[in-house]
Amino acid sequence: MSDYASLVTETRATLERIARDFSPAVFASSLAAEDMVLTDMILRAGLPIRIFTLETGRLHKETLDVLGRIKETYGHDVELYKPDAAAVDAYVSNHGLNAFYDSIDMRKECCRIRKVEPLNRALAGNKAWITGQRRAQSTTRAALDVQENDEAHGMTKFNPLADWSEQDVWNYLRTNGVPYNQLHDKGYPSIGCEPCTRAIQPGEDVRAGRWWWENPETKECGLHVVDGKLVRIKAVPVA
């Protein structure tokens, strides 16, 4: 495992390479701690990488507050992609506002409407996309690579923080005075939509608070799946 200083240097170099060789590229930010590391690196370096977030309509106030803090700190407006209103209305009318608690299928359909479809719109026309995923976040991400070939979206996918630990993330945020979601101070290491996220107890997995009523193997929203199944997309050797 690389030391912290090397991780920072390598990650900055990865972002610079993306901006140089994979333009146009976009960064899909959840506004969580990891994503604020990448936001800080991108904006401080003035890299031509567009930053967007999926405004699902069910986010915590604290998450939405991060948008204002980014604007205040960096003078930058994060782009918002929202779900199709008619699709949301149809889901709620047919199944109920909180039908995602009823079954995995209902939860995945809600995620598809509120997150996957808007993501596809946000990625359209780009050569690469960037995420803040880390291997240490969950069992479903243990085989994560820094650079992958995302055949489902027809582009290259980058996970520049794949090798980072949670301690590395917080070291960067605190050392550089980066704004972050205040829910992290309230026991939320992983943050999604408000009704699907809870604080965790000491010793629990960092993603235990996401869809806490499901088995760990199902805890993905569909943003990182292919044909409905969570699979690791093909790694691309980095020269």
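**Note on the predicted model**

1. Phe-52 lies in strand E2, which spans residues 49-54. The model is a predicted one. With a relative accessibility of 0%, Phe-52 counts as buried, because buried means under 20%.

2. What surrounds Phe-52? Apart from neighbours within four places in sequence, Phe-52 is in contact with Val-26, Phe-27, Ala-28 and Ser-29, with Val-78, Glu-79 and Tyr-81, and with Leu-119, Ala-122 and Leu-123. The C-alpha atom of Phe-52 is also 8.5 Å from that of Ser-30, a residue 22 places away along the chain.

3. As for the overall make-up, the protein has six helices and seven strands. Their order from the N terminus is α-β-α-β-α-β-α-α-β-β-β-α-β. The protein has 239 residues, and 51% of them count as buried. Of the contacts with a separation of 6 or more, 71% are between residues 24 or more positions apart.

4. Helix H1 (residues 4-21) packs against helix H6 (residues 166-176) at an angle of about 80°, and their axes are 11 Å apart. H1 and H6 are therefore roughly perpendicular to each other, a term that covers angles of 65 to 115 degrees. On the H1 side the contact is made by Tyr-4, Leu-7, Val-8 and Arg-12, and on the H6 side by Asp-168, Asn-171, Tyr-172 and Asn-176. Sorted by type, the residues of this contact are four nonpolar, two polar and two charged.

5. Salt bridges come to twelve in the count for this model. One of them joins the side chains of Glu-34 and Arg-134, with N to O at 3.0 Å. Glu-34 belongs to helix H2 (residues 33-45), whereas Arg-134 sits in the loop between strand E4 (128-130) and strand E5 (147-150), so the pair ties together parts that are 100 residues apart in sequence. Are the two partners buried or exposed? Glu-34 is buried, at a relative accessible area of 7%, and Arg-134 is buried as well, at 2%.

6. An α-helix has 3.6 residues a turn, so residues three or four places apart point the same way. Lys-61 is exposed, with a relative accessible area of 58%, while Asp-65 counts as partly exposed at 35%.

7. Helix H5 (residues 104-123) holds Glu-117 and Arg-121, four residues apart, or about one turn of the helix. Glu-117 and Arg-121 form a salt bridge, and the distance between their closest N and O atoms is 2.9 Å. How accessible are these two residues? Glu-117 is partly exposed, with a relative accessibility of 27%, and Arg-121 is partly exposed too, with a relative accessible area of 36%.

8. The two ends of helix H4 (residues 85-95) can be described together. At the start of H4, a side-chain oxygen of Asp-84 comes within 3.3 Å of the backbone nitrogen of Ala-86. After H4 comes Gly-96, which has a positive phi, near 105°.

Methods:
Residues are numbered from 1 along each chain as its sequence is written. This is a predicted model: local features need pLDDT of at least 70, side-chain atom pairs count only at pLDDT 80 or more; totals for chains, interfaces and linings use all residues. Side-chain values use heavy atoms; hydrogens and water are left out. Axes are lines fitted to C-alpha atoms, for helices over the stretch in contact, and angles run from 0 to 180 degrees between N-to-C directions. Angles under 35 degrees count as roughly parallel, over 145 as roughly antiparallel, 65 to 115 as roughly perpendicular and the rest as oblique. Contact means heavy atoms within 4.5 Å. Ala, Val, Leu, Ile, Met, Phe, Trp, Tyr, Cys and Pro count as nonpolar, Asp, Glu, Lys and Arg as charged, and the others, Gly among them, as polar. Buried means under 20% relative accessible area, exposed over 50%, partly exposed in between (1.4 Å probe, protein chains only). A salt bridge is a side-chain nitrogen of Lys or Arg within 4 Å of a carboxyl oxygen of Asp or Glu. A polar contact is a pair of N or O atoms within 3.5 Å; within protein, one must be able to donate a hydrogen and the other to accept it, and residues adjacent in sequence count only if both atoms are side-chain atoms.
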